[in-house]
Amino acid sequence: MHLVLGLIIWAVWFVVLYGGLSVGCALAPPDVALGSLNWLNAVLLILTLGCTALLLYLGACCWQGRASADGDLQRQFIVHVGAAVHLLSAAAVLLVGLPVFALPPCI
Amino acid sequence: MTDRNNAAAGELQQGLGRVWANLPGLGALAAVNHTTLGLRFMVTGAVFFLIGGLLAMLMRTQLALPEQEIIGAQLYNQFFTMHGTVMMFLFAIPILEGLAIYLIPKMIGARDLVFPRLTAFAYYCYLFGGLIILLSLVMGIAPDSGWFMYTPLSSAEFAPGPGSDFWLLGITFVEISAMATGVELTVSILRTRTAGMSLRSMPIFCWYILVMALMIVFGFPPLILASILLEIERAAGLPFFAVAGGGDPILWQHLFWLFGHPDVYIIFLPAAGVVSTLIPVFAGRPLVGYRWVVLSVITTGFISFGLWVHHMFTVGIPHLAQAFFSVASMLVAVPTAIQVFAWIATLWSGRVAWSLPLLWIMGFLVVFVCGGLTGVMLALVPFNWQVHDTHFVVAHMHYVMVGGMLFPVLAALYYWLPHLSGRMASQRLGYWGFWLFFIGFNMTFLLMHLTGLEGMPRRVYTYEAGLGWDGLNLLSSVGGFVMGGGVAMIIIDVALHYRFGRQAPANPWNADTLEWATSLPPAPYNFVSLPTLSSRHPLWDQPDLPESMAAGQHGLATMAHGRRETLGTDALHGKPREIIHLPTNSWLPLLGALALAVVCISLLLRAYPAALFGVALAAALFLRWSWENGVHLKAAPLADDEPDDLPLHSRSCDGPGLWGMVVSLLANGALYLSLLFAWFYLWTASPGWRVPDERAVALLPFLAAGALLSIVMALYHRAAIRAVQGDAEGLGTRLWQISALGVVHWGLLAWVLYDAALAPTELAHDAVLLVMLLYLLIHSALAVVLTVLQALRVGYGYVGARLPYELLVLRPFWIYTLGVFWLSFAAFLLLPMAWGGQ
């Protein structure tokens, strides 16, 4: 599960990000004049930062599991790859979410 | 002593040969063996490749000079549609599936895939689906809306002929094959590796195939749903994609590319797996960065699902959403780059033995990296807008697909050819084939980047002279024929090698993986005995392993029981858990696929009673298939000499069937989520979305049906747990009672549908609700039928206290049925009320 948990979180976040944007724009589109400083971008940004923090935390937990995997090559393999998956997923969340700083949501 | 051992080994091999042999003559059609079926997949895929290539050459002939009328516009439309369809659906995916089917059991030290009849069924679905699609071309009524069948161009209004129907039904048929293969490969890799082969010591190719198989499981259902919805729209007028009824043609694009972009990686990953397998062999050292490559393969598998909208940058999606997909599209280059650097580092640090397969790998590196770079260019939204629907995109796609898939496949062909024929191919003809293909390919498609940048749109059957495209198109066409010459050279080489090729020595490339421990060509059972491994490179670390395996010095070296068997192991560590008994030759897969072909053709002819007959026939055959399992006489009947150390899987509580059920339900869940996506997408984005004033579905009967289903599920769960605990008293009666309650639940749900005031041909809203209700009805009916089957099997003594396995296999299906019921209630009925829709 550690091998894919980070990327599952990334996938759920991505669906919520894109779906949330669409639903937000359909239900209560922010004023275009506000540019990227609006409630919808703020929600998406908080979601992005929260998800990044969660993934980094889980990655750190996974990395700390090294100690208990001493001598068990299979567990070491899972711990190392799992930690890297969480780290990469955190980077992916942050990078994909960055445009909320710059672009208005609904045009 | 040695003579006696040799005699015993010979006797064992003969015995295994008898148990695993295909039937003679026409009986070969009942074969379920993975070696036979893998080869059939690959040969059939190669034939489709030649047909697709022929269409390409006809198109290049037409485009060679301006203002030609060699083939008219109508035929040209059919050709480019069929070229894309054949190459993507009938060649690229199936031939890689075939390669995986052929290789995976051999690489993981198994005797066969875990569901052999499913492999055979998958092959026949592929074959019949492909033939049905090709039939339309022969009849001159092929689809002509492009291989991605955008609506409304493919809808009844603009494509009134049967071409789109051939595509939708034929491709869905082929996709059943892909799904079956995806489930099969996933469970086989996770549960049938030889003892000691943990995840970290699994051959790198298996990681690629595992990720590819799971991507099929999650990636294909959106297109299956889209195809079903479009076919219903065309046949019955339900307006899922028609704006006038509240539908949206863009929904098709979303569903198609939700499949389509992962599909690119479904094709690329196995090919990259070939590269990661071959490069260490020819570099004479282990792959550099095994962990990094595993990491990048897993990451690619996920990230590739977040790119689909980059095919739709011009349809009017908000800029912010485009930016999300643009960044994700660039991001996916990172794991691919990790692999490229791992390959380069392996070659750099090894002692490279130059050979023909490696030459194809070098060609892959050059061409694919170019395709990847233009891919990053296309991920940039402004550039994408500029070159959208031009030849630049066609060139990029061919650099990625031919570079990323065909070059490695041809490397694989030359690498594994001695394995399947026992002979080596000619180096000279092979080199000619490579260079003709490489030069021809670049001549055709490098220049196409330029015609694209100069504004030549794709999918035009001719163009005016003097636009600056004339010379480039002529050279492209010449290049296409040079490439064709390369293909011809390879075909000649392969054909001749069967007659003139020198005998292949054992392990001719000094490879490290277990498939080279078989005889050349391999026996149908692969290995006489199954070893316990501790190394990622068994043949490098234990060079005498093939001999000791052939001498029967390892596990499962017995055939006295007359069963086909392989080892079932733990998914993580590869610890032995059970002996999996496998079915022998069977006509049921062929007959089941034929019944589905009857359904497909009947739907094409709009002969609905015949289609219903086909469905009933297929259901009967599948139930018979299910019946011949476990302790049935044709499978593994209970005996006095049951194995002591490891149980047979049908006597366990966690056999591969349970894993197969769970993976199948993941695919089913992806289909359901696609339906949910369609519902929410239409609700939020469709310009003409309308909601009826009155709620169409009665809530109380729906809730009553749900409550009853919850009770049924709880009762079933309890019955299964009691059987596991050894209490089978009254099990049959309980299962009959559960079935009866299930029928009442189904009846209530059917009444909800009958009573619903739906206008599905007028409103997309009601059309989606209708599909949702039908989905629930089908699942409830299936759960009841399968429970009745279990009740009958209790009566025959096939299920009981010692044999609770099948009850446990069915349990996730009941849980899934209950889950989607309540999720549907929340998403389709409750949530719209909260939004004030009804």
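Let's start where the two chains meet: in this predicted model, 32 residues of chain A are in contact with 25 residues of chain B. On the chain A side, helix 1 (2-27) and helix 3 (73-97) each supply at least two of the touching residues. Helix 1 of chain A gives the most, with 13 residues. If you sort the side of chain A that touches chain B by class, you find 29 nonpolar residues, 3 polar ones and no charged ones.

Now move into chain B and look for helix 7, which runs over residues 249-283. Just after helix 7 comes B:Gly284, with a positive phi of about 70 degrees.

Helix 3 of chain B (residues 73-107) also has 35 residues. From its first C-alpha to its last, helix 3 reaches 48 Å, close to the expected 51 Å. Helix 3 of chain B bends too, by about 30 degrees at B:Val86. Because 32 of its 35 residues are buried, helix 3 of chain B is largely enclosed by the rest of the structure. After this helix you meet B:Gly109, which has a positive phi near 75 degrees.

The loops of chain B deserve a visit as well. Is B:Met149 buried or exposed? It has 26 other C-beta atoms within 10 Å, and 20 or more make a residue buried, so B:Met149 counts as buried.

Further along, the loop between helix 15 (470-500) and helix 16 (538-541) of chain B contains B:Pro521. The peptide bond from B:Leu520 to B:Pro521 is cis, with omega near -10 degrees. B:Asn510 is found in the loop between helix 15 and helix 16, and its phi is positive, near 55 degrees, in a residue other than glycine. With 14 other C-beta atoms within 10 Å, B:Asn510 is partly exposed.

Finally, chain B is divided into domain 1 (587-627) and domain 2 (640-835). Taken over C-alpha atoms, the centres of these domains are separated by 22 Å.

Note on methods:
Residues are numbered from 1 along each chain as its sequence is written. Chains are lettered from A and ligands numbered from 1 in the order in which they are written. This is a predicted model: local features need pLDDT of at least 70, side-chain atom pairs count only at pLDDT 80 or more; totals for chains, interfaces and linings use all residues. Helices (H or I, at least four residues) and strands (E, at least two) are DSSP runs, numbered from the N terminus. The expected span of a helix is 1.5 Å times one less than its number of residues. Domain bounds come from an automatic or database domain assignment. Two residues are in contact if their C-beta atoms, placed from the backbone, lie within 7 Å. Ala, Val, Leu, Ile, Met, Phe, Trp, Tyr, Cys and Pro count as nonpolar, Asp, Glu, Lys and Arg as charged, and the others, Gly among them, as polar. The bend at a residue is the angle between axes fitted to the seven residues ending there and the seven starting there. A residue is buried if 20 or more other C-beta atoms lie within 10 Å of its own, exposed if 12 or fewer, and partly exposed in between; C-beta atoms are placed from the backbone.
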